[in-house]
Amino acid sequence: IERGEFLAILGSNGSGKTTLIKHLNGLLQPTQGQIYFDGQAVKQVEDQEIFSRIGIVFQDPNDQLFAATVEEDVAFGPTNMGLPEDEVALRVKRALAQVGIEGLAGKSIHALSHGQKKRVCIAGILAMEPSVMILDEPTDGLDPNQKALVQSLLGRLAEGRCIILST
């Protein structure tokens with residue numbers, strides 16, 4: 001899969017889409033074969049490097065969100081990458097704007113709708129500026145308006161990065 005490509009992994013519930021996705025950034029290790037990223041076996045690359053270059057948005061936002069506020073949650077990844085505070089703040093602001101929720105920065109995670117939580121998860125990955133974004137069922141549980149919003153967002157995000165989507 002090349003940079004700028006948009007790949008959909010299609011399958012029924014229980015077919016292994018999420019399991020495959022977790023192999024792509026080393027959350028799970030294959031019992032046979034290898035997963036390669038930029039010519040290197042994923043299991044031979046430091047976790048921090050892989051996690052900063054391949055971002056995963058989980059199906060259930062409650063499995064991904066944990067901080068008290070939107071801003072704190074989106075800042076978690078860039079902070080753990082060791083970036084300076086001003087760079088973290090810039091990335092958080094930019095990521096929130098990209099997903100259209102900049103007005104929610106100080107809001108409690110628990111006060112958000114399901115659709116807003118999904119966009120916070122996407123912003124959290126965007127703030128790390130990965131070259132690959134993997135989204136597991138990104139429109140699951142969303143109403144038609146929120147689905148359209150997320151689909152439009154994904155189209156814009158595909159420019160210059162690889163997007164892998166399971167559905």
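The legends below describe close-up views of a predicted model.

**View 1. Strand E5 and the strands on either side of it in the pairing.** Strand E5, which covers residues 132-136, is mostly covered, with five of its five residues buried. Val132, Ile134 and Asp136 point one way from E5, while Met133 and Leu135 point the other way, and all are buried. Strands E4 and E5 run parallel and are joined by four bridges, and within this pairing Ile56 has Ile134 of E5 as its bridge partner. Strand E5 also pairs in the parallel sense with strand E6, residues 162-166, over five bridges, and here the bridge partner of Met133 is Ile163 in E6. Together, E5, helix H6 (residues 144-157) and E6 make a right-handed β-α-β unit.

**View 2. Glu137 in the loop between E5 and H6.** With a relative accessibility of 14%, Glu137 counts as buried, because the cut-off for a buried residue is under 20% relative accessible area. When its neighbours within four places in sequence are left aside, Glu137 is in contact with Lys17, Gln59, Lys118, Ser166 and Thr167.

**View 3. An aromatic pair formed by Phe66 and Phe76.** The count of aromatic pairs comes to one. The rings of Phe66 and Phe76 are arranged edge-to-face, with 4.8 Å from centre to centre and 90 degrees between the planes. Phe66 lies in the loop between strand E4 (54-57) and helix H3 (70-80), whereas Phe76 lies in helix H3, so the pair ties together parts that are ten residues apart in sequence. Phe66 counts as exposed, at 53% relative accessibility, while Phe76 is partly exposed, with a relative accessible area of 41%.

**View 4. Arg53 and its salt bridges to Asp38 and Glu49.** The structure holds six salt bridges, and in one of them the side chains of Asp38 and Arg53 meet at 2.1 Å, N to O. This pair links distant parts of the chain, 15 residues apart, since Asp38 lies in the loop between strand E2 (36-37) and strand E3 (40-41) and Arg53 lies in helix H2 (residues 47-53). The side chain of Arg53 also meets that of Glu49 in a salt bridge, at 3.0 Å, N to O; Arg53 and Glu49 both lie in helix H2, four residues apart, about one turn of the helix. Asp38 counts as exposed at 57% relative accessibility, while Arg53, with a relative accessible area of 22%, is partly exposed, and Glu49 counts as partly exposed at 34%.

**View 5. A network of salt bridges that includes Glu87 and Arg91.** The side chains of Arg91 and Glu87 meet in a salt bridge of 2.9 Å, N to O. Both residues, Arg91 and Glu87, lie in helix H4 (residues 85-98), where they are four residues apart, about one turn of the helix. Arg91 is buried, with a relative accessible area of 10%, whereas Glu87 is partly exposed, with a relative accessible area of 25%. The network links Glu87, Arg91, Arg94 and Glu129.

**View 6. The cysteines Cys121 and Cys162.** A disulfide is a covalent bond between the sulfur atoms of two cysteines, and this structure holds zero disulfides. For Cys121, the closest cysteine sulfur is that of Cys162, and the 20 Å to it is too far for a bond. Cys121 counts as buried at 1% relative accessibility, and Cys162 also counts as buried, at 3%.

How values were computed
Residues are numbered from 1 along each chain as its sequence is written. This is a predicted model: local features need pLDDT of at least 70, side-chain atom pairs count only at pLDDT 80 or more; totals for chains, interfaces and linings use all residues. Side-chain values use heavy atoms; hydrogens and water are left out. Rings of Phe, Tyr and Trp (its six-membered ring) pair if their centres lie within 6.5 Å; planes under 30 degrees apart count as stacked, over 60 as edge-to-face and the rest as tilted. Helices (H or I, at least four residues) and strands (E, at least two) are DSSP runs, numbered from the N terminus. Buried means under 20% relative accessible area, exposed over 50%, partly exposed in between (1.4 Å probe, protein chains only). Two strands pair if DSSP finds at least two bridges between them. A crossover is right-handed if, with the strands pointing away from the viewer, the path from the first strand over the helix to the second runs clockwise. A disulfide is a pair of cysteine sulfur atoms within 2.5 Å. Contact means heavy atoms within 4.5 Å. A salt bridge is a side-chain nitrogen of Lys or Arg within 4 Å of a carboxyl oxygen of Asp or Glu.
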